[in-house]
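Grab a pencil and work through these exercises on aromatic rings. Each one comes with a solution to check yourself against.

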Amino acid sequence: MTPFISYFHLPLLFLFAFFSFSCYSKQSHKVYVVYLGEHGGSYAAEEIQENHHALLFSVKNSEEEARQSMLYSYKNSINGFAALLSDEEADILSAREEVISAYPSEGRYWAPHTTRSWEFIAGYEGIKERGFGFEESDWLPSKTNHGKDVIVGMLDSGIWPESKSFGDEGLGPVPARWRGICQEEHSFKSSSCNRKIIGARYYLKSYEAYYGSLNTSYAYRSPRDHDGHGTHTSSTVAGRTILNVSALGGFASGTVSGGAPLARLAVYKVCWPIPGPNPNIENTCFEADMLAAIDDAIGDGVDVLSISIGSVGNPENFSKDGIVVGALHAAKREIVVVCSAGNSGPKPGTVSNLAPWMITVGASSIDRVFTAEIRFGNGMILTGQTVTPYQLKGKDYPLVYAGDAAIAGTQANLTGQCLPNSLSPDKAKGKIVVCFRGAGLRVEKGQEVKRAGGAAIILANPPANGDEVPVDAHVLPGAGVSASDAIKILTYINSSGNPTAGLGRARTVVNVRPSPSMAQFSSRGPNVLEPNILKPDITGPGLNILAAWSESSSPTKLDSDKRRVKYNIMSGTSMSCPHVSATAVLLKSMYPHWSSSAIRSAMMTTATINNAQGGPFMNGDGTIGGPFDYGSGHIRPIHAADPGLVYEASYQDYLLFMCASAGVQMDFYYPCPKNPPQPYSLNYPSIAVYGLNGTVSVVRTVTNMANGSARYQVSIVSPNGVSVQISPRELKFKDVGDKKSFKIVLRDRGSVMRGNGTYVTGSFTWRDGVHFVRSPIVVSFG
């Protein structure tokens with residue numbers, strides 16, 4: 001899983017990349033998570049731990065060896081433990097009747113998973129923008145109380161508690177239901193917590209079992225954030241309203257605020273640097289550590305969990321995925337779990353965090369860009385984007401394509417990408433170098449141009465990235481350009497005997513249209529583990545987002561970059577995830593007794609598939625988006641506060657889903673029936689049917705959330721080649737809380753060309769004249 005953190009400063013997400021322990025460890029033992037399901041009855045923590053020790057002792061040579069090998073005993077909600085085991089010991093435990101699963105605690109990479117974003121959402125809702133902040137803005141319904149006293153748990157890289165975004169001025173006492181702690185270390189004192197940051201813990205036993213003792217020269221052995229990602233996501237969810245904030249160089253200046261500025265923060269640091277060059281560029285999170293954090297968060301009393309972490313590559317089965325397992329236990333206690341979708345787009349089937357009891361969030365743009373004019377020797381003028389604070393002198397410089405300035409012997413397919421030590425100083429010195437995105441990190445490409453003596457960088461999009469330009473505070477002057485402009489630049493270079501260019505001063509531009517569009521890096525569906533559940537669920541702002549930053553980290557996170565900032569711009573689904581988390585906090589504040597599935601449904605069914613100008617929601621490459629790009633659509637918090645109808649699902653419903661989808665009994669107290677309902681039968685706010693061949697009937701149940709009586713009628717947009725019939729076509733409700741069921745019959749009309757990966761999409765909407773409750777339909781043919 002990956003911290004769908006925008007962590008690599010790539011156009012990606014806090015992604016987890018699975019590592020093979022054999023690559024990094026010579027030990028015969030590694031950390032396994034042994035999952036036992038739910039706790040049966042009420043037991044003291046000591047008794048639970050002794051039971052875990054006894055089970056572990058059954059495969060060890062002595063009781064002492066068993067105790068020394070155990071890293072965590074999960075005892076708040078999750079029943080299980082993490083221990084150092086050989087593969088043989090793990091196999092023996094896995095075969096035992098009381099064990100649901102035993103799987104390695106894998107590490108995952110993070111990758112690039114706000115002054116403007118919340119104002120943009122307000123404008124998107126049709127609200128006239130005003131000064132943003134809970135003191136002076138009224139774009140949110142007063143009932144939200146700006147998330148007052150709702151507790152949001154952040155699984156991430158920690159927090160920089162001195163940031164103004166985490167001040168506690170005006171906040172009341174810590175909620176009495178809070179049971180967490182502030183874990184003190186030399187770099188994080190009890191005074192680092194306050195009435196805003198009400199709890200902070202850190203987890204690294206599995207990390208250290210894999211990599212050895214943490215190197216404290218580049219990371220804090222405490223909840224303090226060494227990286228910046230955790231501080232960024234935390235302030236996006238619940239940061240206070242701060243005036244006159246900007247990124248390095250004065251970009252994106254304005255008032256910054258989290259979406260729920262009166263919510264309380266509980267910090268669970270689970271992600272750590274990967275040893276090696278530039279260790280903080282790539283961080284990793286281990287499942288045993290994350291599962292311990294989720295178990296504690298449930299016991300501590302959080303209301304919402306925000307997890308900008310996810311996996312890359314082939315996902316594990318639901319029962320062997322630490323975040324999925326932890327999120328299931330959180331859902332049982334009606335804790336809303338929000339996760340990033342990943343930064344591996346636009347390739348299909350890359351979305352992660354695939355279970356239906358978590359909200360999976362894609363990333364899209366806002367209406368702000370950072371433009372810089374690029375002038376060329378032939379008179380051509382193009383508009384790039386940048387937030388680098390450095391300027392070239394007002395003259396033209398020689399222009400060279402990186403592929404023509406590469407050191408001899410550089411791999412042919414990588415010559416234009418400015419990878420470390422790939423440029424020849426003799427060919428690059430004093431020139432503006434055109435580098436392509438692709439392999440390697442964007443900020444490292446700028447560093448390579450600087451190393452080779454280049455005057456500036458033009459970072460060009462390949463075709464897959466289209467017009468979407470993530471910006472970075474490069475270590476030298478530079479700008480990013482779209483794929484179409486990149487072609488124009490290369491054409492000029494190839495046609496000129498003496499190509500030259502100059503870079504103008506950059507500026508912040510807002511009200512850019514059309515907006516938003518889907519970020520190309522945002523991971524796409526379909527759901528490769530269970531294609532009968534549509535993922536992602538929803539999208540929110542995740543491109544070039546400004547938020548608080550760790551003062552221990554540079555804006556590029558390069559070791560050679562000694563600059564420090566209080567606020568930084570990042571891109572990724574790691575940035576969009578906390579926008580949806582904040583919306584869940586606001587809904588929890590308004591409706592504290594709503595189920596987690598009702599909150600998910602309210603956000604999904606009120607999302608929009610149009611941009612702010614009323615046109616279709618586009619992808620960054622100019623194509624029209626669809627459910628595999630944005631799920632149900634773009635988040636609209638005000639609409640979500642009055643959804644009309646919701647689709648609810650219970651813990652028992654999720655267990656039945658697991659019986660059908662994974663063939664796994666996740667709770668020994670709820671055995672799987674002989675014939676569980678099909679996965680698409682889960683009462684989910686969207687419908688996905690994989691392998692339609694003939695006719696499929698699906699039943700959904702909605703709950704009336706509006707006061708008084710209501711009458712809804714349905715409209716249908718049928719997928720191409722599919723007949724969709726819904727009965728009844730009218731639903732009548734007498735009061736709030738009333739439930740009504742309806743049947744959807746999907747029939748293959750046989751009129752669509754079939755092939756691998758052929759999907760068709762449609763939707764249906766329940767309307768009562770006030771509410772529009774929309775659900776996407778995705779169908780593939782058998």
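This is a predicted model: local features need pLDDT of at least 70, side-chain atom pairs count only at pLDDT 80 or more; totals for chains, interfaces and linings use all residues.

**Exercise 1.** Find how many aromatic pairs the whole structure holds, then classify the pair of phenylalanine 251 and phenylalanine 370.

*Solution.* Start with the rule: rings of Phe, Tyr and Trp (its six-membered ring) pair if their centres lie within 6.5 Å; planes under 30 degrees apart are stacked, over 60 edge-to-face, and the rest tilted. Searching the whole structure gives 24 aromatic pairs. For phenylalanine 251 and phenylalanine 370, the centres are 6.1 Å apart and the planes 90° apart, making the pair edge-to-face.

Residues count from 1 along each chain as its sequence is written, and side-chain values use heavy atoms, without hydrogens or water.

**Exercise 2.** Are tyrosine 591 and tryptophan 594 buried or exposed, and how do their rings pair?

*Solution.* Buried means under 20% relative accessible area, exposed over 50%, partly exposed in between (1.4 Å probe, protein chains only). Tyrosine 591 comes in at 18%, so it's buried. Tryptophan 594, at 11%, is buried too. Their rings are stacked, 4.0 Å centre to centre with 10° between the planes.
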